[in-house]
Structures are given as structure tokens and as C-alpha cells.
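Here is a friendly walk through a two-chain model, for anyone opening it for the very first time. Have a look at the picture, then read on.

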Amino acid sequence: MPLIWFILFTPFIGFLTAILLGKNRNALVGWLTVGLTALNLAFSVILLLQTIHTKDNHLIYDWFTLNGKAYQFGFLFDSPTLMMLVLVNFIALLVEIFSLEYMHDDPDQYRYFGFLSLFVFSMLGIVLTDNLFVMYGFWELVGLSSYLLIGFWYKKPEAVRASKKAFLMNRIGDVGFLIGVFAVYFYNNYSVDITTFKSGINLPTVYCLLLFCGCIGKSAQFPLHTWLPDAMEGPTPVSALIHAATMVVAGIYLLIRVQPMFGIDALTIVAGIGAITMLLGSIYAIYQTDIKKTLAYSTVSQLGLMVLGLGTESSTFHLLTHAFFKAGLFLSAGAIIHALHHTGEDFDAQDMRLMGGLKKKMPFTFICYLVCSMALMGLPLFSGFLSKDGILGLWFDNNNLIYNNIFIATIFLGIILTAFYMTRQVWMIFFGEFRNEKVNPENIHEGSWKIKLPIGLLAILSTGFVFGLNPLSVEHSWFWNFIEIDLGEESHWIGIVSTSFALIGVFAGYLTRHKVFSNLRTFDVFYQKIFVEPTLKISDYLQFFDQKIIDSFVNFLADLQVFIAKFIGWFDAKVIDGIPNGAAYSTGIIGRITRSAQGGKVQLYVALAFLGLISLILFTILI
Amino acid sequence: MSEASDCIQHKKMPILSLLIFLPIIASLILAFTPERYVSYFKWVTLIVTGMELLICVYLYLHFDTKVADYQFLEQYDWITLPLGNLGIGSIDYLLGVDGISLPMVLLTGIVMFVGAISSFEIKEKGRGYFSLYLLLSGSIIGCFIALDMFLFYLFFEFMLLPMYFLIGLWGGPRREYASIKFFLYTLVGSIFILIVMIGLYLSVVDPVETAVQMGLINSGADVTPQIISQIQSLLAQGELPTQQIVHTFDLRFMPDQGNYVTGSWLNIFSENHIGGISLRSLSFIFLMIGFGIKLPTVPVHTWLPDAHVEAPTPVSVVLAGILLKIGGYGFLRIAYPIFPEVANQYAVWVVGFGVLSIIYGAFNALAMNDLKKMIAYSSVSHMGFVLLGIGSLTSEGFNGAVYQMFSHGILSAMLFLLVGVLYSRTHDRRIDSYQGLASKMPLFTTMTAVAFFASLGLPAFSGFIGEIFTLMGGFNSPLIPRWLVGVAAFGLVLGAGYFLWTLQRMFFGNFWLRQYEETLKDLTVREKFMLYPLAILALVFGIFPHLIFDVTHQSLAELLKLF
């Protein structure tokens with residue numbers, strides 16, 4: 001089936017053409033990217049209609065062989081993949097349309113759209129591939145495109161720092177993931193094919209967790225969650241696409257794929273990490289004053305909730321609904337930032353303390369934002385309600401999961417906190433008085449259709465009606481039909497309880513609406529002290545060791561050699577050579593003495609001869 | 001081994017000899033050409049290395065990937081002398097390639113050619129430079145295709161001469177120190193190799209030539225497996241007349257333990273010990289030291305940063321691109337096939353030193369402020385993966401190690417060329433002298449980013465395959481504790497750390513230079529010619545690993561059977 005190749009490579013062609021067309025054809029590149037993504041969306045939908053619920057959904061190709069072991073790559077297009085295909089292309093299309101206006105004045109648009117296409121390519125690679133080895137490859141490429149897009153404004157030091165941080169923290173998770181892949185290869189009969197993952201494989205818990213490290217990195221789970229808020233330095237549409245709707249859920253997607261191999265111990269720890277992440281994310285979200293950072297921490301918390309779905313269909317469902325409403329929120333935030341930016345004044349357009357009362361100025365954005373945030377809070381009639389209750393249902397139904405009471409309590413607490421910070425945020429942005437004195441409120445305008453259309457669509461998709469004719473009932477939504485799960489009749493009191501918790505949160509948020517919380521210490525300070533600084537210290541010490549100890553030792557050996565050579569030279573000159581020289585010298589002295597006896601003076605000869613005679617006589621007499 | 005001598009291709013063109021002697025003859029011609037033609041020398045060098053590259057590609061294309069044995073064999077008797085009671089000494093001129101050496105030969109062709117383009121910037125003493133460069137080219141190739149250990153050693157030593165002068169005469173301010181250090185380090189290493197070589201020589205018998213001597217057959221061409229096993233059983237019983245034993249340096253006979261004289265130093269059944277270590281173990285250790293210096297392995301690596309920093313760009317390129325690989329090649333060609341049981345016993349140590357190099361090199365690279373030194377230490381780190389793969393004694397590890405050598409050859413060449421590009425403009429290599437280069441030199445920045453990401457093991461580039469397969473080999477090996485592999489994998493994080501940090505510090509942010517340079521231009525056409533092909537190669541070999549694996553895996557599978 002060639003269609004699937006088109007789906008994978010259309011965005012790559014988009015990337016290449018964008019980079020080749022270059023700076024002078026910025027406008028063309030933008031529209032071209034939108035066109036290609038639209039085309040790809042159409043392809044994906046066709047593929048979905050053609051292959052949904054067919055069993056023949058696995059294509060395998062040989063990549064290379066090594067000693068009889070074939071390393072393959074292939075495409076698997078079962079329902080999670082088909083869903084992700086359409087989702088990624090759809091959100092990407094909306095974001096690109098939005099970017100046409102949002103990035104209109106940027107001189108490097110070609111690069112921006114090229115990188116977006118590169119991202120879509122790698123993301124589609126992750127969801128299309130049928131084995132973990134190739135997935136790891138695309139996984140890293142996604143990391144690269146995220147790096148490039150966060151650091152898109154490369155002259156901004158914070159952006160560059162954030163991009164490096166994102167890549168490195170992801171790398172830490174990826175190392176674990178990689179070893180996990182090796183372990184799967186080793187324990188699963190030399191196969192990393194996703195379709196072979198069954199619960200029968202005895203993958204030791206430690207390797208399950210290492211595999212899960214990939215998810216911890218990419219999906220910003222505790223303790224590697226801190227890169228995601230920083231990633232907000234990138235352009236806002238990028239945050240919507242990559243750091244809310246698609247890339248960060250790659251980790252969840254991985255969990256969905258590998259979860260069948262996880263034993264109960266591994267799942268408990270996974271759930272624990274999800275729970276911690278959910279709570280941490282929502283607590284930090286309360287303390288943010290930057291509109292995007294609140295949303296970023298909210299994403300962290302929602303990702304934690306998805307992990308609490310343990311990679312079951314509930315996770316998938318929440319992944320889907322979250323993608324729509326969170327992208328909607330980010331794009332709306334982008335619309336606000338864009339509008340404030342275009343007032344021409346110089347101030348922090350993302351600071352919520354400088355907003356307020358925007359309801360009147362931007363009514364369309366307000367309505368969309370409101371709809372999306374109600375979906376996020378999980379209020380009835382909105383999509384979040386359905387998917388959140390799916391996850392809660394999972395924990396209520398499966399009593400064999402350990403500590404499930406604690407996890408249920410955590411989810412409820414998370415629901416309260418989420419409703420709390422979202423209520424406060426909506427209030428801070430849209431209600432009350434406009435608090436920025438620098439800006440004349442008259443200059444704030446809604447954007448054009450390029451901004452309104454994506455937001456509007458995403459808001460519509462955040463309502464419960466889209467997912468089922470009865471928006472109050474999880475089991476009747478078409479999603480379950482799509483994923484081919486027959487959900488049993490569910491007790492409705494879960495929905496009622498969760499709604500009341502959400503309302504508590506809303507009420508508490510309303511009560512504290514005028515109070516600003518800020519400056520909660522982040523984990524970064526701690527990480528800087530515990531990991532970054534020691535690493536740099538160690539590298540300095542090792543450098544010192546290398547130069548002053550190892551190399552000095554080498555130089556010492558060389559000097560020793562020279563010293564020994566010199567000593568031998570001295571010995572040779574003075575001692576060895578000294579003996580013949582000494583002999584020669586003494587001969588010389590004797591010679592000189594005897595020579596003086598041959599002065600050519602007759603008197604001396606006579607005297608010497610006489611002296612000789614006397615000694616001779618003395619000698620004979622005495623002896 | 002018997003088929004080996006059958007496939008001596010007398011009728012065909014001696015293509016491997018051509019590969020060695022083409023540059024050496026060109027080098028001699030240049031050396032005796034009057035100085036006034038010096039402006040043509042770079043073109044001659046370029047053409048000769050280009051022809052070399054074409055021959056290497058020809059070899060690659062005509063190499064039979066189904067066969068594990070040596071191909072394109074050329075064998076001539078070189079020196080034969082009776083040694084009385086010690087038997088008969090025989091040194092052959094014996095050339096051939098197999099799956100282990102062919103990637104290295106191809107790499108040599110590529111890197112020497114790119115280095116020749118880079119040598120265009122050499123302005124002074126051109127005659128000496130280019131003739132030495134060609135001489136170096138010939139001896140490196142010789143090292144990779146010699147199958148007689150004596151011949152190998154000859155080329156191995158001979159390489160030092162041009163290298164010493166290339167660093168010592170065209171290098172930076174501390175060139176004398178660096179070149180002497182390089183020379184002595186390698187010389188010390190080669191003494192260890194020499195000792196083992198002599199030991200092997202006295203122990204190993206050429207069964208074919210011995211049969212000829214005894215009159216069992218008329219010439220080497222008539223040999224049959226029966227004859228070989230007859231000779232070997234006579235040898236094992238000690239019934240061969242010592243005067244008729246033909247000792248050999250032939251590397252094809254050394255792995256077969258049946259070819260060792262009974263009771264000789266390195267016979268596997270001889271119980272010769274020095275200080276509690278058997279002579280075979282000691283020989284293996286000696287080879288490890290000798291080739292470890294070349295690789296280089298921590299803690300005998302300190303010649304590398306100095307040599308790199310002082311060497312001119314093309315010499316750095318050759319040094320990192322090819323010379324280091326001779327270390328890894330030596331393991332696979334000499335140490336491992338000849339002493340398999342010792343290699344098995346010391347596997348953890350080999351891997352341990354590999355992991356040490358990975359981590360230690362990476363930490364040191366992180367501390368560097370000199371760009372060239374940073375890349376030199378990154379080489380130490382990347383070559384550690386080679387040791388990891390070799391030490392794992394698995395198919396993935398071995399193939400990954402060869403792949404890593406090939407890939408590192410291309411990528412380190414690219415990295416040093418990039419440093420050269422910058423240095424030729426500003427004469428400053430300090431990382432903190434630059435900021436925001438991206439806005440002034442976008443193409444240069446793009447190529448640097450490509451090289452950096454390829455080096456830190458981004459998928460779709462060749463470095464990824466090498467690192468992944470060596471790590472996988474380590475993981476699958478029953479001899480290696482898995483935590484060691486985990487530590488090695490942590491090197492991937494550190495690698496990303498120093499490369500990205502450098503990108504951040506030098507290329508991003510607002511443009512700033514310590515000394516303002518008018519001449520800070522983006523890549524020239526010549527620089528594009530050397531950088532783009534390397535980037536494309538890194539990409540092609542990253543996406544299609546079978547280009548190398550198909551060549552290597554038969555020979556390496558054969559090697560693995562010894563363990």
C-alpha cells in the first residue's frame with residue numbers, strides 16, 4: 001500500500017522544500033506547508049476509512065540483516081495509530097494556519113515551517129512504526145525537531161537554554177528507554193515488534209521501568225518534568241502543537257504500546273509516578289503568572305492523569321480529548337499574546353497580571369477559551385468529562401490494582417486543583433479590569449480568520465457532543481466503538497462525584513480570584529545543585545586529573561628519561577671516558593715532568609747524572 | 001585456510017599493491033620535483049588521492065559479501081632464510097582484504113581525499129608537505145591490507161615518520177612537544193606489539209610451506225586440507241624435524257592453534273608463566289596496550305589532545321579519521337583472533353576500559369574551552385564504544401564496533417574540518433571567543449549542527465548505528481555486567497551535553513567576537529566540497545546500515561566462531 005508511504009514522507013518533502021526555498025520565499029513556504037499538511041490529512045482520513053477494523057493492518061519490510069537476524073521496519077495501522085495519524089495531521093494543519101498569521105512578520109519563516117514539517121514527519125514515524133527500535137529512532141528525531149523549534153529564536157538566550165535543557169532531559173529518559181528496548185529484544189525472543197508484546201513475556205520490572213523512562217522524559221513525568229515549562233520559550237503555536245497536543249503524548253503512546261508487558265509491580269510504580277506528576281503539575285500551575293506556563297504545568301498534570309490511565313484505552317481517550325482542548329487553550333493564549341503584542345508597546349505580553357477584562361475586547365477568543373477550559377476541568381457536556389471519567393472508571397472497576405484508593409483520591413484531588421487554577425486563570429485574563437496601563441485597550445483586536453478558524457474548530461471539538469450523542473455517558477461515545485472495546489454499563493455516580501469535586505475547585509478558584517500566587521521554588525534549583533553543578537565540577541576535576549596527573553606522569557617519565565640520559569652522558573664522559581682520559585692525563589703529567597728534565601741545559605744534565613750516580617751508590621750500599 | 005592460497009590471483013591486476021604504491025611513488029616523484037612547480041603539487045595530491053578513492057570504491061563494489069575469507073589476495077615470497085635449529089624464517093609480501101579491513105580501506109580513501117582538499121590551505125614548504133602526505137596515505141593503506149604481521153608492523157611503524165614531520169613542521173606553537181609526544185607514545189606501544197610479534201613468529205608454523213619443505217607437495221598451490229592436518233598432527237606430536245619447520249608472520253595461520261609448535265612460547269598448551277600470568281595472557285595484554293595507545297584508551301590517551309591541537313587541520317583530520325582506527329583494527333585483526341581464550345577471559349576488562357574512555361572522555365570534553373581539544377576528547381569518548389563492542393564478543397558488538405570506527409572516521413573528519421574553517425578565519429579556537437555565529441555564518445552553523453547532532457548519535461546518522469549496536473552487544477553479552485552498559489549509555493547524555501552546550505555558547509545568542517574580524521565569511525566553495533559529501537555520507541550510512549554490515553558480518557561471524 002503506497003498511501004502509507006505518502007503519509008510518512010509528505011511532511012519530509014515539506015521540510016526539504018522549505019529549507020531549499022529559503023528566506024526569500026517565506027510566504028510561499030507557509031502556504032505550501034499548509035497545503036501539504038492538508039493533503040496529508042486527507043490521505044490519513046482515506047487510510048482510516050479504508051483500513052479501520054481490518055485485521056490486515058501490518059506491513060513489514062526488511063531493513064538489513066546481521067548474522068541471520070533480520071532488522072525490519074514496518075507499518076502498523078491499528079486503531080491507536082490511525083487515530084494518532086489523523087490527530088497529528090489535523091492539529092498540525094490548524095497550527096500551521098494559525099502560524100501563517102502569528103509568524104507573519106518573522107524573517108525566518110521558512111525555517112519555522114520547515115521544522116514544523118520535520119516534526120510532523122518524525123511524529124508520524126513514531127506512530128506508524130511497528131517496532132521499538134525504529135520508534136526509538138523517530139523518537140530522537142522528534143527530540144531534535146522540538147530542540148530546533150524551542151530554540152527557533154536563537155538569539156534569545158533563554159530560548160536556547162530551554163531548547164538545550166529539553167533535549168538533554170529527554171536524552172536522560174531516552175537512555176533508559178534504549179536499555180529497555182535492548183531488554184525487550186533480549187527477553188522477547190529477539191523481536192521488538194509491537195504486535196508481539198503480550199503479558200506472557202517475562203520482562204523484569206526494572207526493564208519495564210527503564211522502558212517507561214522514555215515516557216518520563218518525553219511526556220514530562222516527574223522527575224524529568226521541568227523541561228516542559230521552559231519549553232514555552234518557543235513560539236506559541238509550537239507549544240500548542242508539540243508541547244501540548246502531540247509530541248508530549250508520544251510517551252503516553254509508548255506506554256499504550258508496551259503496557260501489555262508490564263507486571264503489576266511495574267504498573268503500580270508507573271501509576272505512582274503519574275499520580276505525583278499530576279499533583280505536582282497542578283500545584284505548580286497555581287503559582288504561575290505567565291499565561292503559557294500555567295498551561296504548560298497544566299499539561300504536565302494532564303499527562304500525569306494519562307499515565308494514571310496505565311496505557312489502557314482510557315489513556316488513549318484522554319490523550320485524544322486533551323489534544324483538542326489543550327491545543328485550543330494554547331492557540332487562544334497565542335491569539336491573546338499576538339493581540340497584545342500588536343499594540344506596539346513593549347511589555348511582557350504573557351504576564352497574566354498585565355491582562356484582565358479581555359472578554360470585551362476579544363469575545364470570540366474568550367468563548368473558545370472558556371469552552372476549552374471547561375473541557376480541561378472535566379465539567380459535564382465537555383469532552384474532558386468523558387475521558388476523565390474513563391480513567392476514574394478504570395480505577396474503580398479494577399480492584400486488583402494495588403492502592404487503588406490512594407490513586408482514586410489523587411485523581412479527585414487533581415480534579416479539584418485543575419478546576420481551581422483554571423477558574424483563576426480565566427478570571428485573571430478575561431474578567432475584571434484591564435490592568436496594563438501602558439496599553440490603550442482600544443488597540444486590542446481579534447485576529448483574522450487564520451487565527452479564529454483553528455481556535456473555533458478546537459473549541460467545537462472540545463464539547464462532549466462531538467464524541468457521542470449523549471455527552472454525559474462515557475460508554476456511548478463513538479470512541480469506544482472505534483477502539484473496539486465494549487465498555488460495560490458504568491455507574492453514573494462517578495460522573496456525579498467527579499463533577500462535584502470539579503465544582504468545588506471552581507468555587508474555590510472564584511473565591512481567591514483576586515489573589516495572585518507566585519514564586520514557588522521549582523525543582524530546577526535543586527537539579528542545578530544536585531546534578532548540573534556536580535557534573536561540571538567532575539568534568540573540571542577530571543580535566544585537572546588528566547593534565548596534572550596523567551599527563552604530568554607521562555611528562556615525568558619523559559623527563560626521567562632525559563635525566564637518566566643526561567646522567568649516563570655524564571657517567572660516560574666522566575667515568576667511562578674518564579679512565580682512558582685519566583690515563584692520558586697522568587701520562588701527560590709524567591711526560592711534562594720528564595720533559596722538563598730534557599731542557600737542553602748541560603748543567604742540568606750533569607747535575608742529574610750526578611744525582612743519579614749518588615742514588616745508585618746509596619742504593620747499592622744500603623741494600 | 002587452505003582455500004586462501006588457492007585464490008591467489010596471479011593473472012589479475014595487483015590492485016592492492018597499486019593502492020599502496022601509487023601514493024608512495026607519487027610521493028617520491030614530488031620529493032624530487034623542483035620547487036618551482038610547487039603550485040601544482042596540491043593538484044597532484046588531489047588527483048592521486050582521488051584515484052585511490054576510486055580504487056577503494058572499486059574494491060568495495062567488487063567485494064564478495066557472501067565470503068568470509070580474504071579477497072584480492074596477493075602473495076609473494078619476500079624473505080626466506082634458514083635459521084638452523086630454529087627452522088626456516090619466511091616473510092611474505094602478503095596483501096588481502098576481508099570484511100574487517102574493507103570498511104577501513106574505504107574510509108581511508110574517503111578521508112585522505114577530503115584531507116587532500118583541506119590541504120589546499122597549506123601555504124609553506126609545499127613540496128615536503130605533499131610528499132609526506134602521500135607517503136602517509138600509502139603507509140596507512142598498507143597497514144590495513146597487510147596480512148603478514150611483519151609487513152603490518154613495517155607499515156605501522158613507517159606511518160610514524162610522515163606523521164611526525166607533518167605535526168612537527170606544519171603544526172601550531174607547541175608542535176615539537178606534540179610531535180615528539182605522539183612519536184614516543186606510539187613507539188612505546190609498538191615495542192609491545194613487536195615483542196608479541198617475535199613470540200608469535202617463533203611459535204607459529206606455516207603448514208603449507210613446511211609441507212613444501214618436507215617434499216610432501218611441490219608448491220603451495222597443491223595444498224589440500226589433508227596435508228594441513230597431517231602437518232598439524234606431526235607438529236602436535238613434535239615429530240617435525242626442526243630444520244624443516246617454516247616459521248611465518250602470516251596472520252592467516254596464527255588464529256589456528258594447530259599451527260603452533262609444541263612447547264613453544266605461545267602454544268595454548270604450553271604452561272609458560274611470567275609472574276603468574278601465562279605468556280598468552282601477557283601477549284594479549286601487550287597487544288591491548290600497544291593498540292590501546294593508538295585507539296586511544298584512557299589512561300594512555302594524553303598524546304591525542306596535544307597532537308590534535310598542534311597538528312594542521314588536514315593532519316588532524318587524518319589522525320582522527322583513520323589513524324585511531326588502526327587501534328581498533330589491530331584488536332580485531334591480531335589480538336582477538338590469535339588469543340581468543342584470553343580475550344574471553346578479559347572481556348570485562350576490555351569493556352571496562354571502553355566504558356572508562358566513554359565517560360572520562362566525555363567529562364573532559366565538557367570541561368574544554370578549546371574547540372579542537374573538545375573534539376579530541378569526544379574522539380576518546382567515541383572510540384570507547386569501539387572497545388565496548390569488541391569486548392562484548394557478540395555479533396552486534398563486533399559489527400557495531402567496525403561501524404562505529406567507520407562512522408567516527410567520517411564524523412571526526414568533518415568535525416576537525418569545521419574547526420579548521422573557523423581557525424583559518426580568526427586564528428582562535430577558544431569557545432568563549434565566539435557568540436552568535438549563526439547570524440553571520442549560517443551555512444557553517446548548519447554544517448556544524450549537522451556534525452554535532454550526527455556525533456551525539458542522532459538517528460538517521462551513522463553514529464547512531466555504531467553506538468546502538470555496540471551498546472546492544474554489551475547488553476546481550478553474557479560476559480558483561482549490565483550496569484556497565486548502563487554507565488556507557490550515560491555517555492550518550494554527556495555527549496549531547498557537551499555538543500549542545502558548545503552550540504549554545506558559540507553559535508546562538510547575539511553575535512559577538514573577542515577580536516573583530518572583517519574576514520569572517522561563510523563557507524567557501526572548497527569548504528563546501530569537503531563538508532557536504534561527508535554530511536551526505538554520514539546520512540546515507542545512517543539510513544542504510546547494510547552498506548557496511550553486509551560487508552563486515554561474514555568475516556566477523558567467522559571470527560566469533562573462535563570464542
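Two residues are in contact if their C-beta atoms, placed from the backbone, lie within 7 Å. With that in hand, take A:Leu41: leaving out residues up to four places away in sequence, A:Leu41 touches A:Asn89, A:Phe90 and A:Leu93. This is a predicted model, in which local features need pLDDT of at least 70 and side-chain atom pairs count only at pLDDT 80 or more, while totals for chains, interfaces and linings use all residues. Residues are numbered from 1 along each chain as its sequence is written, and chains are lettered from A and ligands numbered from 1 in the order in which they are written.

**The two chains**

Helices (H or I, at least four residues) and strands (E, at least two) are DSSP runs, numbered from the N terminus. Chain A has 23 helices and two strands, and chain B has 23 helices and seven strands.

Burial comes up a lot below. A residue is buried if 20 or more other C-beta atoms lie within 10 Å of its own, exposed if 12 or fewer, and partly exposed in between, with C-beta atoms placed from the backbone. The table puts some values side by side.

| Chain | C-alpha box along the principal axes | Buried residues |
|---|---|---|
| Chain A | roughly 155 × 65 × 50 Å | 49% of 623 residues |

For the 623 residues of chain A a compact globule would come out near 25 Å, but chain A has 39 Å. Chain B fits the rule: near 24 Å is what a compact globule of 563 residues would have, and 24 Å is what chain B has.

Counting contacts with a separation of 6 or more, residues 24 or more positions apart account for 80% in chain A and 82% in chain B.

**Where the chains meet**

The contact takes 37 residues from chain B and 33 residues from chain A. On the side of chain B that touches chain A, helix 21 of chain B gives the largest share, ten residues. That side divides into 23 nonpolar, 13 polar and one charged. Here Ala, Val, Leu, Ile, Met, Phe, Trp, Tyr, Cys and Pro count as nonpolar, Asp, Glu, Lys and Arg as charged, and the others, Gly among them, as polar.

**Two helices to look at**

Start with helix 13 of chain B, residues 313-338. The expected span of a helix is 1.5 Å times one less than its number of residues. For these 26 residues that should be 38 Å, and the end C-alpha atoms are 37 Å apart, which agrees. Helix 13 of chain B still bends by about 35° at B:Phe331, the bend being the angle between axes fitted to the seven residues ending there and the seven starting there. All of this helix is covered: 26 of the 26 residues are buried, so helix 13 of chain B is largely enclosed by the rest of the structure.

Helix 17 of chain A (residues 404-430) has 27 residues and reaches 39 Å from first C-alpha to last, close to the 39 Å expected. Helix 17 of chain A is mostly covered, with 19 of its 27 residues buried. Just after it, A:Gly432 takes a positive phi of about 70°.

**A few residues up close**

Back to A:Leu41, which is found in helix 2 (residues 26-51) of chain A. Is A:Leu41 buried or exposed? A:Leu41 is buried, with 21 other C-beta atoms within 10 Å.

A:Lys292 sits in helix 12 (residues 291-308) of chain A and is buried too, with 25 other C-beta atoms within 10 Å. Beyond its neighbours within four places in sequence, A:Lys292 is in contact with A:Met232, A:Thr236, A:Ser239, A:Ala333 and A:Gln350.

A:Asn189 has a positive phi of about 60° although it is not a glycine, and with 10 C-beta neighbours inside 10 Å it counts as exposed. In chain B, the peptide bond from B:Leu295 to B:Pro296 is cis, with omega near -10°, and another cis bond joins B:Val298 and B:Pro299, with omega about 10°.

Notes: Rg over C-alpha atoms; globule rule 2.2 N^0.38 Å.
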